[in-house]
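Welcome! Below is a short tour for anyone meeting this structure for the first time. Please have a look at it before reading on.

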Amino acid sequence: MTKSYRFQKWMSSFLVNSVLIVICIIWLIPTLGVFITSFRNSQDILTSGWWTVFPHRESVEVARIVLDRSVNVDGPIQVEGITTTFEELRQGVQLPDGRILTWFGNKRTRTIVVTEMRWVGFSHKPLTLKNYQDVLTGKEIRFIDARGNEIVRKGNDLGNAFINSLTVTVPSTIIPILIAAFAAFGFAWLNFPGRGLLFTMIVALLVVPLQISLVPILQDYTRLNLNGTFLGIWLAHTGFGLPLATYLLFNYISSLPRDLLEAAYIDGASNFTIFTRLILPLSVPALASFAIFQFLWVWNDYLVALVFLGDSNRVITYALASIVGEKGQDWHLLTAGAFVSMIMPLTIFFALQRYFVRGLLAGSIKG
Amino acid sequence: MRSSFTKFSFPALLAGMLATTVGRVVVSIFVPLVTFIILWQIFIFLRDSQAPRIVIAAVAIALGVGGVAALYFLSNSLVEQLPIEWTKRLQPFVFVGPAIAIMTWYLAIPVLRTLVLSFKDAIGERWVGLDNYLFAFTDRIMLETFRNNLLWMIFGTSFSVGFGLLIAVLADRTRLETVYKAIIFMPMAISFVGAGVIWKFVYAYRGEGTGIQEIGLLNAIVTALGGQPQPWLNIPPWNNFFLIAIMVWLQTGFAMVVISSAIKGIPTELLEAARIDGATEIQAFFNVTIPYIKSTLLTVTTTIVIFSLKLFDIVRVMTGGNNGTNVIANEFYLQRFTYGNTGRASAIAIVLLLAVVPVIINNLREFYRERRGF
C-alpha cells in the first residue's frame, strides 16, 4: 500500500520534472545557440550549424587518391579493391569497411576523396574571441565570409555604444526615482488642495502609450535643440518613468507606520528632515526594486533611443539593431553584439533577481 | 487656514488666493526649470570639451543627479524662510510640484497636443478634419496592422499566460523551483532587439543549392525530419506567428512570476480540504486554484494585452513590418519618421490611446475603491 503510494508520488514528481526540463531546454536553446556562435570563426558559422561544436559523428576526409594517367576515367575504374565508374563515384561509393569514395570536382581532376564517419570532438573547429574584438572596436576589421573571401569594413563600435548606454541609463534611473520619492512623500503625508485630483492624473497616466508623447515632445526638442543629446533622453526617460515610479513609491511610503512619523513631527523635525532622515532610508527596498526595473527598462529601450538620440549618440540597442539592418548575414558580429548588449542586464538580473521580482509584482504596467 | 482668511475683505481674499496659486505654480516649476537650465549649460560645456567620453559621462552623471538633489534642498530652504503660513501652503508643492510639472509636460499635455495634430495635415499646418482618422480606420495598411495586432493580442497573450500558469503550477511542486523559474524568467532581462537577434538566428534561412548547410535551428530540424528549408519570416500570414513566438518567449517569465506569487498565497488548508473531499489534482486546480488567483490572472492578461498592443521593437528589428507583419506601433513610426506625416502618426497614436482607455478607467475605479480616503 505505502509502497505503491510512494511509487505514485515518485512517478508524478518525475513527470512534472520532465515536463519542466523539456520546457526549460526549449527556453534556453535559442540563447545557447547565439552564445556558442559568438565564439566561432566567421566562416565556420556560415558553413555549419552551431550544434556541430558538440562531439558528433561526421564524415571526415582521410585520404585523397589521384588516379594514374593510364586509367580511362570513362570506363570502369578499379580503386581500393572495388570496380566502379565515374558516375557512381560522383554520387559517392561506400566501401565494405564503411569508408566513402567521392569524386572531387570535374573529370579532369582525376582525384577521389576518401571520407570516413568519425567522432569529432570539441577541438576540431577552434573557438575564438575575435568576434568580440571586432564588434567592440570602431576601427577597420577583417573577416572571412562563407566563400572564403576576406572582407574589410568598419567596425560597429559597440564599445562606445556600451558607454553611451551607461551614460543614458544611470541618470535616467536615478533622477526619476529621486523626483518620484519626493512626490510620493508629498502625496502620502502632506495635505494640500488638489491632492486627490493630481494623484488621479498620475494613475490615469500609468498606461498611456508612449507614442502619444513622441510627436509633440520631438517638436519641443527640435525647438530647444535637444535632439540627439543625452540631456534630452534623460528628461524623456524621467518623464515616461515618473508615473509608475511615483505610484509604486506612494504605495510603499503610505504604508509606513504612522506613529513613527508623528513621533518625529512632535520632536520638531521638519518635513524635509523627516523625508531625508526617515522616509528615504526606510524606503530602500522599494527604491531598489524600482531602480532595477527602470535600469533594465532604459538599458533595453529601443524606441525612445531611436527617436530622441538616433545616430548621434548610439546606444547599444540602436547599434545592435543597425547591425541587423546593414549586415544581417554577419552572424559572427550579430551574435557577439547581442551578447555584449545582454551582459549588463543579465548580470544585474542574476545578482538582484529578488528585488527585480519584487518590483515586477508591485506593478508592471508601463507606457 | 480658513480662519486667517476671514480677517480680509473680499478683494484681498481673492488676491490672497491668486498669490497662493501663483506661488504654488512657481514652486512646482522652479526645481525642474533651474535643473534643466543648469544641466543644459553643463551639457553644452561638456559637449564642446575634449575630455574622454567616459570622463564626460561620469561628470554628467554626478552633476545631473547631484544637481536635482541640491535643487530640492534649495527650494525647500527658500520656502522655509517664508512666514509659517506660506510655508505650510507652499511646502507640499516643493515635494510634489516637480514630478507633476514634468509629467504634465511629457505626458498630460502631449495627449491634447497629439489630439490637435491628428486633425491637421502632414506638417501640422492646415486643418484636415477627420481625414487622418479616415486613413487610420480604412486604409489597407492600417487594416492589416489591426489584424496583426489582434493576432498578437490573442495568441501572444493566451500562450504567455497559459505557459506561465502551467510552469508556475508545476514548478510549485518541485524542489528545483527556483532554478526552473530563473531559466524561464531570464529572457525578461534581455532587450527586444537582443531577443530579435537570438530568434533571427533560429529562423535563419540560407537558400537552396548544393552544399549549403542550414545554420538556423528551425530549418536544421525541418531538414533533419526530411522537410524543405523555408524562409520562415517571409511567408504571410504564418510569419506573424513566428514573431509572436518571440513575445511568448519573453513574456511567459513575467506571467509565471506574478502567477506563481499568487499561487503561493493560496492557503494550504483550502487545497488540503479539497483533496480530503476526494478532489483530483485537476479538479482542485480548476475549482480552488483558478478561482483564487482569478484577479491576478486578469491583471497579468491586461498587462500583456497592453504590451502586445504597443509592440514595436520585435517587428521593427525582425521584418521592419514587411511581408504582412506590420503592427500599429510600427506604422506610427513609419508615418512619423519615414514618411514625415505628423497628422497620420498623431491619429494612429490617438487610436492606441483609445484602445487603452478602458484599462485607464478600470485602474481609476480600482484606485478609488481601495483608497476611499483620497
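Helix α7(A) and helix α16(B) are roughly antiparallel to each other, because angles over 145 degrees count as roughly antiparallel and these two helices pack at about 150 degrees. Their axes lie 8 Å apart, and α16 of chain B covers residues 342–370. Keep in mind that this is a predicted model.

Which residues bring α7(A) and α16(B) together? On the α7(A) side they are Gln211(A), Ile212(A) and Val215(A). Facing them in α16(B) are Thr342(B), Ala345(B), Ser346(B), Ala349(B), Leu352(B) and Leu353(B). By class, this contact has 6 nonpolar and 3 polar residues, with no charged ones.

Helix α6 of chain A, residues 195–205, packs against helix α4 of chain B, residues 84–117. The angle here is about 45 degrees, with the axes 11 Å apart. α6(A) and α4(B) are therefore oblique to each other, and their crossing is left-handed. From α6(A), the contact takes in Leu198(A), Met201(A), Ile202(A) and Leu205(A). From α4(B) come Val96(B), Ile100(B), Met103(B), Leu107(B) and Ala108(B). The residues of this contact divide into 9 nonpolar, no polar and no charged.

Here are the two pairs side by side.

| Helix pair | Angle | Axis separation |
|---|---|---|
| α7(A) and α16(B) | about 150 degrees | 8 Å |
| α6(A) and α4(B) | about 45 degrees | 11 Å |

Now step back to the whole meeting of the two chains. How many residues of chain B are in contact with chain A? There are 87, and they touch 93 residues of chain A. On the chain B side, α4(B) gives the most, with 18 residues. That side of chain B holds 64 nonpolar, 14 polar and 9 charged residues.

Chain A can also be viewed through its domains. The assignment gives domain 1 as 2–37, domain 2 as 56–120 and domain 3 as 158–362. Taken over C-alpha atoms, the centres of domain 1 and domain 2 of chain A are 46 Å apart.

Asn225(A) is not a glycine, yet it has a positive phi of about 60 degrees. Is Asn225(A) buried or exposed? Asn225(A) is exposed, with 11 other C-beta atoms within 10 Å.

Asn323(B) sits in the loop between α14 (313–318) and α15 (328–338) of chain B. With 15 C-beta neighbours inside 10 Å, Asn323(B) counts as partly exposed.

The peptide bond from Pro236(B) to Pro237(B) is cis, with omega near -5 degrees. Pro237(B) is placed in the loop between α9 (217–224) and α10 (238–264) of chain B. In chain A, Pro281(A) belongs to helix α10, residues 271–282. Pro281(A) is exposed, with 9 other C-beta atoms within 10 Å. The C-alpha atoms of Pro281(A) and Gly359(A) are separated by 17 Å, and the two residues are 78 residues apart along the chain.

Conventions
Residues numbered from 1 in each chain as written. Chains lettered and ligands numbered in written order. Predicted model: local features only at pLDDT ≥ 70, side-chain atom pairs only at ≥ 80, totals over all residues. Domains from an automatic or database assignment. Axes fitted to C-alpha atoms, helices over the stretch in contact; angles between N-to-C directions. Helix = DSSP H or I, 4+ residues; strand = E, 2+ residues; numbered from the N terminus. Parallel < 35°, antiparallel > 145°, perpendicular 65-115°, else oblique. Left-handed = near helix turned anticlockwise from the far one by under 90°. Contact = placed C-beta atoms within 7 Å. Nonpolar A, V, L, I, M, F, W, Y, C, P; charged D, E, K, R; others polar. Buried ≥ 20, exposed ≤ 12 C-beta atoms within 10 Å, placed from the backbone.
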